[in-house]
Amino acid sequence: MDVLHILQTNFVSIVIGVVVIILLWMNRGKQSNSRLPPGPAQIPLLGNLLGMDVKAPYKLYMELSKKYGSVFTVWLGSKPVVVISGYQAIKDAFVTQGEEFSGRANYPMIMTVSKGYGVLVSSGKRSKDLRRFSLMTLKTLGMGRRSIEERVQEEAKMLVKAFSEYGDSTVNPKELLFHSIINLFWSIVFGRRFEYNDPEFQILYKPVYTYFDMLKSKVAMLYNISPRIVECFPGKHHELFKAIDKAKAYIREEADRRLKNLDASNPQDYFDVFLVKMLEKGQPETEFNYDNLFPCVWDLFAAGTETQSSTLSHACLMMIKYPDIQEKVQKEIDEVIGSNRVPTVDDRHKMPYTDAVIHEIQRSMSLAPIAFPHQMTRDTTFHNYHIPKGTTVFPLLSSVLFDPKLFKNPDEFDPENFLDENGVFKENNGFLVFGLGKRYCLGDGMGIPRTVLFLFFTSLLQRFTFRGTKPPEEIDASVVSYFHGRLARPYTCYVKLRTPNI
Ligand code: HEM
């Protein structure tokens, strides 16, 4: 008997069997998730994936929020995800019920690097202890002998020098910015910086760069669905894992080398402070061990480099697209800073227009439309719905960043969104680019991105005017979406020297 014959004779039984399985599957979902927030009808096994642009799923969530309101459920395959949309609901969840919403969802691509250790992917006591440690250490270093501001100024000077070497040729700003920011993190974490072609510089540059390059690819999306299968196939991910193993070995060697002569009373950088905590006796539950050492370093490099270099690269592109805005920023720089000294953090308060432009770049870019996925730490009642422990939750930050009730002109690039009628800078609660609540961006908790973006942006525009390879109206200044994130569009441009280097 061939397969076709079996199918023909058992056709009715097969159809009934399939229908029963589908009904059982749907019913199972109804029983265990009957009080989940409402959401669109789902297809068995696929959930709501069919209607989704996998490169920009947040677009579907934005649409659904118009129909289902501020709390709704979407199904990613057979997994329910609760989406929280709008400023008030995000605040209710991530601030008022912050503890319940403070877990981290598990993504295989990220787990493979950190194995559940470090700040970013962990939950509960581990994330709390390591987060507190990182915040305190960065704060102490920031107030120490060489403050973060001085390090950023030094790196910004090197960046300006690197840009000036291009003369009349085109330059890819993203590449130079990424180098600079990586070096800044070398300086904060390890107390030293490198020439870009130094093999030691490459040890963390290569895995971080490859990691973000890969996050944009289809391989990363498939890896997040089925890591075991993807691992069997050749591809960039193997290159990434090799580079990560090399970086891990480097960190271990660096720790062993430093531990031999460590002066516990005088730690010099983030790495030293972590090692001092590792040496503390009588702490059986301590999170300060080798397992957490590499992931903590990785989290700072990974969370801090692409975000900031992409924002700055997009900032330069916006100056090319809007030359009148570039001119206004330069006018303010000339009036407040002049051309004979480097910009300082204090200048920001005297430069409302530039401050508004940087805020608007970040708002319109909406780099993390759903922040970094959260997970419920316990069964919770929220807005009269039941959300079980372990459910993945997305704070839809984009719904706030583009809310017409909060911003005058949310769908345009308009610095007026952050200025009052007198041209004074206006804070806006809706500026949620760094998230909200207990897992709020650790870097911004320290003011690092605000310092870095301001000092790098003003240092560049103090020295150069950015010009495109095409007229402004032909420049595509939209951002590139990749699954959960958005990044600057790659481009090349000209930098025209305005004032000589200081
Ligand atoms: C333009 C710059 C940046 C943006 C837009 C940004 C945005 C974000 C967002 C949206 C989150 C997730 C918040 C949540 O899950 O609710 C986050 C988390 C995080 N960010 Fe940033 N970030 C930036 C720069 C930085 C920098 C410079 C550092 C490092 C010093 C950093 C370190 C972290 C860490 C470690 C977390 C995880 C915190 C946790 O899980 O508790 N970020 N960031």
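Mentor: Helices (H or I, at least four residues) and strands (E, at least two) are DSSP runs, numbered from the N terminus. This is a predicted model, where local features need pLDDT of at least 70, side-chain atom pairs count only at pLDDT 80 or more, and totals for chains, interfaces and linings use all residues. Residues are numbered from 1 along each chain as its sequence is written, and side-chain values use heavy atoms, with hydrogens and water left out.

Trainee: Where does D269 lie?

Mentor: D269 is in the loop between α12 (236–260) and α13 (270–279).

Trainee: Why does D269 count as buried?

Mentor: Buried means under 20% relative accessible area, exposed over 50%, and partly exposed in between (1.4 Å probe, protein chains only). D269 has 3% relative accessibility, so D269 counts as buried.

Trainee: Which residues does D269 touch?

Mentor: Contact means heavy atoms within 4.5 Å. Not counting residues up to four places away in sequence, D269 touches L141, I188, V189, F190, G191 and R258.

Trainee: What makes a polar contact with the side chain of D269?

Mentor: The side chain of R258 does, at 2.8 Å. A polar contact is a pair of N or O atoms within 3.5 Å; within protein, one must be able to donate a hydrogen and the other to accept it, and residues adjacent in sequence count only if both atoms are side-chain atoms.

Trainee: What is the protein donor of the iron atom of the ligand?

Mentor: C441 (SG), at 2.3 Å, is the only one. Donors are N, O and S atoms within 2.8 Å of the metal (3.2 Å for Na, K and Ca); water is not among the atoms, so sites may look incomplete. C441 is in the loop between α17 (397–401) and α18 (442–445).
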